[in-house]
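Dear colleague,

Please find the structure below, followed by an account of what was found in it.

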Amino acid sequence: MGRLVWDEYCLAGTAKYLLDDPHPEGKIGVFVRGCDSRAINRLIQDGEIKKENVYLIGIPCGGMKDPATGKTAKKCEDCTHPNPIVFDTMIGEKVTQSDKPNRFNSVNELEKKSADEKYEYWAKQYDKCIRCYACRNVCPACNCRECFVDQYRVGWQGKQNNRAENQFYGLTRAFHVAGRCIECGECERACPMDLPLMELNRKLIKDINELFGPYEAAVDLEEKPPLGTYKLEDPEKFM
Ligand code: SF4
Ligand code: SF4
């Protein structure tokens with residue numbers, strides 16, 4: 001029998017693997033840090049898994065290490081929920097957590113740029129994108145059974161790897177996960193071309209917080225995502 005090793009280099013999120021077995025015969029055991037537990041909530045809220053089909057072993061997390069540098073992984077630096085939110089049993093003591101308001105610093109800097117400068121910035125980034133879809137594949141919020149990028153009919157996502165199609169892909173994905181992104185940072189970690197994908201995600205999170213009030217996706221299962229509900233007093237400057 002093999003030995004399960006869980007150490008500070010186990011960077012990858014654990015929850016999305018559950019989609020590989022959508023109809024398990026028994027309960028599946030999953031180790032969950034704070035980010036993984038939010039991903040579990042994401043999948044439950046989206047109707048992709050049922051809580052009764054999983055057994056969650058919670059692990060408070062002081063931050064994982066990047067195997068390339070031996071230092072704290074970038075995705076962990078801005079983590080706001082190191083302790084599991086949902087679990088069946090917990091291993092270890094809870095760690096201190098913080099709201100990490102500085103995680104919006106790069107978004108604040110981007111917002112100071114002119115429209116042309118913003119375009120140049122993102123064009124340069126998406127010129128690097130190779131459309132490997134690693135960002136989608138690891139994302140717990142990207143859980144559609146059939147993704148728009150896999151459509152072959154005319155009028156859907158073009159298959160060319162060029163600036164326009166790459167930007168179309170990136171923007172469509174960012175808006176698809178808007179209000180549902182759990183800030184796990186998996187997309188940016190998995191991107192082989194180092195696109196700053198969390199800047200896009202956090203811009204949308206910041207805008208949603210400012211427009212609809214503070215909201216953290218998949219923390220409270222009973223709380224409906226702001227973009228999934230309608231209120232008469234919702235801001236509608238864009239209308
Ligand atoms: S992981 Fe990076 S390179 Fe691959 S599709 Fe996503 S943004 Fe593009
Ligand atoms: S968009 Fe990125 S940060 Fe947000 S849930 Fe998906 S993988 Fe995590």
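Which side chain does a polar contact of 3.5 Å join to that of Asn83? The partner is the side chain of Gln97; a polar contact is a pair of N or O atoms within 3.5 Å, where within protein one must be able to donate a hydrogen and the other to accept it, and residues adjacent in sequence count only if both atoms are side-chain atoms.

This is a predicted model, in which local features need pLDDT of at least 70 and side-chain atom pairs pLDDT 80 or more, while totals for chains, interfaces and linings use all residues. Residues are numbered from 1 along each chain as its sequence is written, chains are lettered from A and ligands numbered from 1 in the order written, and side-chain values use heavy atoms, without hydrogens and water.

Asn83 lies in the loop between helix H2 (74–77) and strand E3 (89–90); helices (H or I, at least four residues) and strands (E, at least two) are DSSP runs numbered from the N terminus. Its side chain also reaches the backbone oxygen of Val95 at 2.7 Å. Asn83 is buried, with a relative accessible area of 7% (buried is under 20%, exposed over 50%, partly exposed in between; 1.4 Å probe, protein chains only).

The largest nonpolar core has 20 residues, such a core being a set of buried Ala, Val, Leu, Ile, Met, Phe, Trp, Tyr and Cys residues joined through side-chain atoms within 4.5 Å. Its largest share, 5 residues, comes from H8.

Asp234, in the segment after H8, is 8.0 Å from Leu211, C-alpha to C-alpha.
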